[in-house]
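The following note collects points on the backbone geometry of the model displayed below. Please read it alongside the coordinates.

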Amino acid sequence: MADLGSKGVTAGKIASNVQKKLTRAQEKVLQKLGKADETKDEQFEQCVQNFNKQLSEGTRLQKDLRTYLASVKAMHEASKKLTECLQEVYEPDWPGRDDTNKIAENNDLLWTDFHQKLVDQALLTMDTYLGQFPDIKSRIAKRGRKLVDYDSARHHFEALQTAKKKDETKIAKAEEELVKAQKVFEEMNVDLQEELPSLWNSRVGFYVNTFQSIAGLEENFHKEMSKLNQNLHDVLLGLDKQYSGNAFPIKAQPRKKTKLFARLRKKMSSDSTPAKANKSPSPPPDGSPITSPETKTVNHELEPSTLEAPGASIPKSPSQPAEAAHAGAEAAGSEAAAGAEASKTEADSGSSSLPAVVVETFPPTVNGTVEGGASSERADMPPGFLFKVQAMHDYTATDSDELQLKAGDVVLVIPFENPEEQDEGWLMGVKESDWIQRKELDQCRGVFPENFTERVQ
């Protein structure tokens, strides 16, 4: 029986709640249609708007504070890894190693303490502050429902009073329900009318305390961190003074391809091998005169940009007199300049034939422009001039086709005649001072590392 009674009470309560919801819904519809008046309280509505604004601001502040704490933790981890890296690279024989390790430990402790104090003095306070909003928000919603119940009871009582056929019993019951609904509503309304303005005014003190705490914690943290950073600076300054003479040299990028002039010299050497092999023969046993064999001077077509191979001189045979060698060299040079294909020379007994003179040429130029290269920008610049650079550091040439640079030298950059000869990070050029004095591109140009220079024009 008790169970049945309990179930009956529960069923009756559910039915009552359902009836209340239907009555409230009907009342709201009538109010929206203008068929029923609604109790208004503009002062309370303003308090509710302030409450919603305060809740929104507090929720955003809580979210941003959590993001800030996450950032502090991330910075702590990054700082910890950085100090660990410093400890690993700090070699045992360097001065201040123990001091460096102690600074790293204090750095870690300082970050940990800063994060924990932010949690205790800012985040937990923020959570407590926002913890009061859900209950008040629920009471505001309940107050709104009780207001609808009060309006509904009032309208029902008024309808019974104005009916043509009055039922005193119903009127009395409706009046009783109206008084009850009014009492419940007014009790909740009075409490909220007092709490909401007080809560709204409390926001000022809370914001002040929160941001003052954060600012104070940050100030102390950065003050202590500044001391650690100064200590670390002093330790590294001592290390720098002890090893100040070991400056890190600036290096040029390695050249991977075959050196341009080295390749030319190799080619010229292979072309002149047959001539060098033509040595003076020994006199025959019978003492008959030796006829000098025919020698040819090879002369490729010469253009304005030709370059005579380095070291292409006329060697003298060990058995040849000095006067004959000198005369032969002059004759060979004259015939080569005139473009003669061959000449026959006769020498005294025991002399040898002159070796062949080989002149290698670079690709020809057309109208002052090297084929495949950039055109000259000004007449006073070398053919194919591109731009100017200035040496920022000294560079010592390591090969005969490289330029020797001093800091401050200005170099006129020109294109490679064969782009395949250019190595990454290297440029071809001629020092401006050499070009002004000599105007001979073939004897002055060379390659140099680009990272030793800075473009100036």
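Is Lys439 buried, exposed or partly exposed? Point 2 gives the answer.

1. Basis. This is a predicted model, in which local features need pLDDT of at least 70 and side-chain atom pairs count only at pLDDT 80 or more, while totals for chains, interfaces and linings use all residues. Residues are numbered from 1 along each chain as its sequence is written, and side-chain values use heavy atoms, with hydrogens and water left out.

2. Lys439. With a relative accessible area of 46%, Lys439 is partly exposed (between 20% and 50%; 1.4 Å probe, protein chains only). Lys439 sits in the loop between helix H9 (432-438) and helix H10 (441-444); helices are DSSP runs of H or I with at least four residues, strands runs of E with at least two, numbered from the N terminus. The phi of Lys439 is positive, near 55 degrees. Most residues other than glycine have a negative phi.

3. Helix H5. The 75 residues of H5 (residues 168-242) should span 111 Å, and the end C-alpha atoms are 109 Å apart, which agrees; the expected span is 1.5 Å times one less than the number of residues.

4. Sheet. Five strands form an open, antiparallel sheet in the order E8-E7-E6-E5-E9 (pairing requires at least two DSSP bridges). Strands E8 (446-449) and E9 (453-455) are at the edges, each with a single partner strand, so one side of each lacks a neighbour in the sheet. E5 (residues 387-391) and E6 (residues 410-414) pair over four bridges, and Phe387 has Val413 in E6 as its bridge partner.
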